Amino acid sequence: MTSKLQDKSLDLAIALTEGLVAGISKGQDWYKIVGTYVDAPLCWALSAGKNSKHDSIDTLHKTNVAISRYGSGSHIMAFVLADQREWLKKDEKPFDFTVLNNFKAMRDAVNDGSCDYFMWETFTTKPYHDSGEVKRIGQITPPWPAFMFAAHTDLLNADKDGLKKVLAAIQRATQLFMDQKEDESVKHVMRILEYPEEDVRRWFKTVHYASNHQQVSRKALDVTLSTLLKADVVSEPIKKIEELVDPQVAELTE
């Protein structure tokens, strides 16, 4: 998503929090974070091969993880897991990683035994659990909001007021979407994504849009940076929180 901002095919993007923070921290200076879209964390399912020996998270320490790319959510979440399980030790890797670029290749890898497990968003993975293609062995949620807004610096320099109006309009749209979550919004998601009604209603119970799209939690950015540092996605010296956001659009909260 940040590459779309770089080539200016997008002026404003909604992307995973950890990806946006990692990008700026590694020198991607063409955008800034300007708000929070979904402030509930994304739930990641852990999946193993259908005939895998792994039936729970307990046996995953020092195994081989299939990831889409280094620095991706599928990579970073492995370090969130290792941190929660106290598997992070100095000079000792909690896992090995195999980069496979796409979701299908990751599913194939756990079934042919070349990788032990992978992580992907719960509801995107659920159809493959339901069909028996792969086996669900656990889930994990990171300690930060799922999605934030990022704006190209050209837009920030040219029309901050216009951007604020766009964020306010999105705020009204998300409120309407959630107001109709018992009926029309369920039908809309079913129509677009072809998910069963039961799954859509379960998803609505997990999602929470930010009450103010122009606010960004300082604590959320701080814990994201800390995790990225543990995962070696970023290195010291890390960016200051104020360097990640545009303070004339986004309000930093505690």
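Which residue in β7 does S47 stand opposite? In this predicted model, S47 stands opposite R136. Residues are numbered from 1 along each chain as its sequence is written. Because the model is predicted, local features need pLDDT of at least 70 and side-chain atom pairs count only at pLDDT 80 or more, while totals for chains, interfaces and linings use all residues; side-chain values use heavy atoms, with hydrogens and water left out.

The domain assignment of the protein chain, whose bounds come from an automatic or database assignment, gives domain 1 (1–41 + 145–252) and domain 2 (44–140). For residues 44–140, UniProt carries the feature "domain: Ca3427-like PBP" in an unreviewed entry; such annotations may be inferred rather than shown by experiment. This span is 32% helix and 27% strand, and its end C-alpha atoms lie 5 Å apart. Helices (H or I, at least four residues) and strands (E, at least two) are DSSP runs, numbered from the N terminus.

An open sheet of mixed pairing is formed by five strands in the order β5-β4-β6-β3-β7. Since β5 (96–99) and β7 (134–140) stand at the edges with a single partner strand each, one side of each is left without a neighbour in the sheet. From one strand to the next, the twist averages 35°. Strand β3 (residues 44–49) pairs with β7 in the antiparallel sense over six bridges, where pairing requires at least two bridges found by DSSP.

Two helices accompany the sheet. Helix α4 (residues 103–112) touches β3, β4 (64–67), β6 (117–121) and β7, and its direction makes about 145° with that of β6. Helix α5 (residues 122–130) lies across β3, β6 and β7 at about 125° to β6. Axes are lines fitted to C-alpha atoms, for helices over the stretch in contact (heavy atoms within 4.5 Å), and angles run from 0 to 180 degrees between N-to-C directions.

The C-alpha centres of the two domains lie 25 Å apart. Twelve residues from domain 1 and 14 residues from domain 2 take part in the contact. About 1100 Å² is buried between the domains, 71% of it from carbon and sulfur atoms; buried area is the accessible area (1.4 Å probe) that two parts lose on being put together, summed over both. In domain 1, E18, Y195 and K230 lose the most area to domain 2, together 36% of what that side buries.

P145 lies in the loop between β7 and β8 (147–152). Its C-alpha atom is separated by 6.7 Å from that of T17, 128 residues apart along the chain.
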